[in-house]
Every structure is written in structure tokens, then in C-alpha cells.
Amino acid sequence: SLCALPEEPFREDLLRNRPSSLSMAEMSIDNFNVLCGKAEGRDKLARLFQYSARAFVGLASLAAPKAGSKLSLLEGHARTAMVQLAGARRTHRWCKELPV
């Protein structure tokens with residue numbers, strides 16, 4: 001049947017001992033400088049902040065802040081940062097498809 005349980009019980013030790021194909025790089029200043037040294041890395045970093053600002057704007061709108069409140073001001077700043085980063089990222093993609 002479709003809802004049948006697997007015959008072998010789930011074993012967490014198999015997952016812990018299996019090497020991950022998507023291992024994260026060590027967090028260091030050197031790796032951050034390498035990331036910022038390439039256009040694709042700068043674009044990914046800008047995307048992280050752009051979508052973080054988008055999430056903040058969405059969550060702040062759920063709270064329905066009153067005009068002039070601190071949350072309303074922060075939402076406006078996050079919205080401005082989101083729009084500016086979207087424009088900056090657009091310029092990163094110019095001529096990206098051309099072979100170098």
C-alpha cells in the first residue's frame with residue numbers, strides 16, 4: 001500500500017556518518033574576501049540581503065504598523081534597501097551570458 005512503513009527502521013547514525021555533498025565552507029575573513037572578490041559572489045551576497053529585506057518588509061506588513069512608529073520607519077528603510085539592491089543586482093547580470 002502507499003502508506004506502508006519501510007521494513008527497516010530509520011537509522012540516524014547512517015545520516016550522521018554519510019559525507020555531505022553540500023558541505024559549507026569555513027566561516028572566515030579569508031573566505032569572505034574570496035566571496036567578495038568575484039562578481040558572482042558579490043551578487044549572491046547582495047541577493048541574501050535583498051531577500052532578507054523582502055522578508056522583513058513582508059513580516060512588518062503583517063504587524064500593520066501605525067504611521068510614524070519605529071516599525072513603520074524600519075519597514076520603509078528595508079523597502080528602500082530592497083529596491084536599491086534589486087537595481088544593483090540587475091547591473092551585475094549585464095553581459096553575464098557573454099563568454100569571456
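Contact is taken here to mean heavy atoms within 4.5 Å. On this basis, in what is a predicted model, the cover over the buried residues of helix α4 includes helix α3. The buried residues of α4 are E75, A78, M82, A86 and R89. An α-helix has 3.6 residues a turn, so residues three or four places apart point the same way.

The packing of these two helices can be stated in geometric terms, since two packed helices are described by the angle between their axes and the distance between the axes. Helix α3, spanning residues 39–63, and helix α4, spanning residues 70–92, pack at an angle of about 150°, and their axes lie 8 Å apart. Because angles over 145 degrees count as roughly antiparallel, α3 is roughly antiparallel to α4. The crossing in which α3 passes α4 is left-handed, and the residues that form the contact of α3 with α4 comprise 15 nonpolar, three polar and seven charged. As regards the length of α4, its 23 residues should span 33 Å at 1.5 Å a residue, and this agrees with the 33 Å that separates its end C-alpha atoms.

When residues up to four places away in sequence are not counted, Q50 touches M82, L85, A86 and R89; M82, A86 and R89 are themselves among the buried residues of α4.

A further residue, S72, is placed in helix α4. With a relative accessible area of 22%, S72 is partly exposed, because this class lies between the limits of 20% for buried and 50% for exposed. Its contacts, leaving aside neighbours within four places in sequence, are with P65, K66 and A67. The C-alpha atom of S72 is separated by 7.7 Å from that of A60, a residue twelve places apart from S72 along the chain.

Helix α3 also meets helix α2, which comprises residues 29–36, and here the axes come within 6 Å and cross at roughly 105°. The two helices α2 and α3 are therefore roughly perpendicular to each other, whereas α3 is roughly antiparallel to α4. In the contact of α2 with α3, the residues F32, L35 and C36 of α2 meet G41, R42 and L45 of α3, and by class this contact has four nonpolar residues, one polar residue and one charged residue.

Technical notes: Residues are numbered from 1 along each chain as its sequence is written. This is a predicted model: local features need pLDDT of at least 70, side-chain atom pairs count only at pLDDT 80 or more; totals for chains, interfaces and linings use all residues. Side-chain values use heavy atoms; hydrogens and water are left out. Axes are lines fitted to C-alpha atoms, for helices over the stretch in contact, and angles run from 0 to 180 degrees between N-to-C directions. Helices (H or I, at least four residues) and strands (E, at least two) are DSSP runs, numbered from the N terminus. Angles under 35 degrees count as roughly parallel, over 145 as roughly antiparallel, 65 to 115 as roughly perpendicular and the rest as oblique. A crossing is left-handed if the near helix is turned anticlockwise from the far one by less than a right angle, and right-handed if clockwise. Ala, Val, Leu, Ile, Met, Phe, Trp, Tyr, Cys and Pro count as nonpolar, Asp, Glu, Lys and Arg as charged, and the others, Gly among them, as polar. The expected span of a helix is 1.5 Å times one less than its number of residues. Buried means under 20% relative accessible area, exposed over 50%, partly exposed in between (1.4 Å probe, protein chains only).
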